[in-house]
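Visitor: I would like to learn how to read a few features of a protein model. Could we take them one at a time?

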Amino acid sequence: MKGNRFGPEDPEYRAVVHKRFNKRFAARPDYVQLLASAEQVGAALGEAVRSGLRVVVTSGGHCLEGFVANSDVRVILDISPMNRVYFDADHGAVAVEAGATVGQAFQALAERWGTVVPLGEYPGVGMGGHAAGGAFGFLCRQLGLAADYLHAVEVVTVDRSGRPATVLATRERSDPHRELWWAHTGGGGGNFGIVTRYLFRSPDTSGSDPASLLPRHPESITTFTAHWPWEGMDERSFRRLLANHGGWSERHSGPDSSNTSLWTLLALHRKQLGKIIVRGVTTAGPDGEGQVEEYLASLGKGIAAPEGREVATMSWLDFALNPFPDLFAAPPDGVSVKVKDALLKRRLSDRQVGVAYDYLTRTDHDIMGGMLGFATYGGRVNAIAPDATASAARSAIFDTACTTGWLDHREEAKNLAWVRAFYRDLFAETGGVPVPGEAYDGALINHPDIDLADPEWNLSGVPWHAIYYQANYARLQRVKGRWDPLNVFRHTLSVRVEE
């Protein structure tokens with residue numbers, strides 16, 4: 001019943017502790033415990049709480065900040081053995097255990113029932129924290145967020161006396177636990193308890209046939225990649241490219257746009273890398289290649305056409321299990337990264353484009369891994385009211401990020417200085433952060449950035465939680481107070497009962 005416990009001398013311990021995606025952070029827990037059921041989670045969690053040990057959970061994926069890989073953590077509960085995907089006839093929904101990866105969920109849904117949930121882009125992401133944070137990916141413009149399909153969530157919580165309990169919370173209006181369900185539609189992981197499984201079903205469906213309860217997966221996927229060499233890309237051309245790109249997204253990010261089937265990523269790498277790269281996917285079937293041509297033509301107006309154009313069509317599952325291999329490739333020993341996320345409601349201003357050009361081209365920085373990325377957003381994501389789920393950001397056209405990565409720990413200081421200054425200067429008019437308002441829709445909690453809670457970098461006077469949760473935070477605080485009164489589940493950006 002207690003699962004398998006391993007100490008520092010065990011290879012299983014090292015496998016869990018060293019798996020971390022972001023090598024900036026390291027954990028040295030007293031032990032790790034691999035768990036295969038909600039009952040085992042409850043027993044292990046109760047023991048850690050009774051012993052007064054700081055405990056966190058991992059579902060086998062990754063976190064961009066040191067919420068799991070943290071020196072204060074004494075116990076890591078790894079629920080990656082809980083990775084089944086099956087139809088739960090009692091609740092009329094498809095159950096995905098929280099230890100499954102996005103890739104495992106995609107594969108099971110497609111092969112068994114021909115369906116899909118619009119989960120994240122990288123198949124190695126763990127479902128446990130991903131779905132709780134809202135979850136967006138390649139299909140978000142066409143289908144919305146994964147949280148929009150969450151019918152129920154099973155959570156192991158801890159009451160005021162320290163006793164664990166397993167709770168199933170649904171979106172049914174009559175469910176007394178409904179607020180706990182709501183909190184897991186964008187409230188983020190590590191806040192209210194340990195999720196052991198999610199139950200997915202489209203809001204307007206019911207019945208006993210799992211093939212009819214979720215959207216059908218795309219028949220095919222058409223991908224494309226192209227680039228502009230930095231050589232010859234002067235500031236005028238750079239400004240025109242971003243104006244073209246921003247204008248297209250402003251015109252085509254409504255819920256009823258005919259281009260919700262197209263998702264793109266514009267990666268403005270540092271000039272020393274040599275290229276500005278655009279990638280994308282479309283589910284438009286036979287019309288996909290024409291859609292891609294129109295999109296690239298709109299980006300290239302008034303500047304040189306992109307080079308190295310590659311277009312390919314494949315099955316949905318072939319793509320989902322190995323999307324853009326060059327984009328997600330990582331060195332064997334991993335990489336250290338810093339990602340600073342923001343949601344934009346409109347294109348960058350002329351001043352912001354100038355800031356981007358400066359940070360991407362200036363030669364007094366040597367930041368090979370630095371970039372500014374724009375992932376198209378909106379579409380069906382923006383068809384949902386901000387308070388219908390805990391995912392409040394429902395007006396954005398881009399998820400953008402200032403990003404840097406490095407291999408040598410001696411490169412950390414200069415990389416962090418560059419990316420933090422870049423982000424601060426981009427959002428200088430709002431105190432160095434994307435304060436929700438006319439231009440910005442805050443940031444995504446699944447891309448956490450602890451700098452937003454640091455007054456050295458957040459000069460706006462607006463607290464971090466207003467950037468991530470906007471008006472939904474007070475409601476999340478009430479859920480926190482009800483289901484985690486001892487604050488067992490906590491990290492730098494966790495929901496707090498009192499501020």
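Visitor: Let me start with one side chain. Is R279 buried or exposed?

Guide: Keep in mind that this is a predicted model. A residue counts as buried under 20% relative accessible area. R279 has a relative accessible area of 4%, so R279 is buried.

Visitor: Which residue forms a salt bridge with R279?

Guide: The partner is D326, and the closest N and O atoms are 2.9 Å apart. D326 counts as exposed, at 51% relative accessibility.

Visitor: How many salt bridges does the structure hold?

Guide: There are 28. One of them joins the side chains of E97 and R84, at 3.0 Å from N to O. E97 sits in strand β6 (residues 93-97), while R84 sits in the loop between β4 (75-78) and β5 (85-88), so the two tie together parts 13 residues apart in sequence. E97 is buried, with a relative accessible area of 7%, whereas R84 is partly exposed at 48%.

Visitor: Which residue forms a salt bridge with R420?

Guide: R420 pairs with D451, with 2.9 Å between the closest N and O atoms. The pair links distant parts of the chain, 31 residues apart: R420 is in helix α12 (residues 412-426), and D451 is in the loop between α12 and α13 (464-469). R420 is buried at 19% relative accessible area, and D451 is buried at 3%. Where salt bridges share partners, they can be read as a network; here one network joins E65, K338, K340, R420, D449 and D451.

Visitor: Now the sheet. In what order do its seven strands run?

Guide: Read across the open sheet, the order is β13-β10-β12-β11-β15-β16-β14, with antiparallel pairing.

Visitor: Over how many bridges do β14 and β16 pair?

Guide: Nine, in the antiparallel sense, with strand β16 covering residues 398-406. K340 stands opposite C402 in β16. K340 is also one of the residues in the salt-bridge network.

Visitor: Which strands does helix α8 lie across?

Guide: Helix α8 (residues 288-299) lies across β10 (221-229), β11 (262-269), β12 (275-282) and β13, and runs at about 150 degrees to β12.

Visitor: Let us step back to the whole protein. How many helices and strands are there?

Guide: The secondary structure comes to 14 helices and 16 strands. For overall shape, compare the radius of gyration with the value from the globule rule. The radius is 22 Å, close to the 23 Å that the rule gives for 499 residues, so the protein is as compact as a globular protein of that length. Along the principal axes, the C-alpha atoms fill a box of roughly 65 × 50 × 40 Å.

Visitor: What share of the residues is buried?

Guide: Buried residues make up 59% of the 499. Of the contacts with a separation of 6 or more, 73% are between residues 24 or more positions apart. The accessible surface comes to about 19,500 Å², and 49% of that belongs to carbon and sulfur atoms.

Definitions and conventions. Residues numbered from 1 in each chain as written. Predicted model: local features only at pLDDT ≥ 70, side-chain atom pairs only at ≥ 80, totals over all residues. Heavy atoms only, no water. Pairing = 2+ DSSP bridges. Helix = DSSP H or I, 4+ residues; strand = E, 2+ residues; numbered from the N terminus. Contact = heavy atoms within 4.5 Å. Axes fitted to C-alpha atoms, helices over the stretch in contact; angles between N-to-C directions. Salt bridge = Lys/Arg side-chain N within 4 Å of Asp/Glu carboxyl O. Buried < 20%, exposed > 50% of the residue type's maximum accessible area, 1.4 Å probe, protein only. Rg over C-alpha atoms; globule rule 2.2 N^0.38 Å. Areas by Shrake-Rupley, 256 points an atom, 1.4 Å probe, with all protein chains shown as cover.
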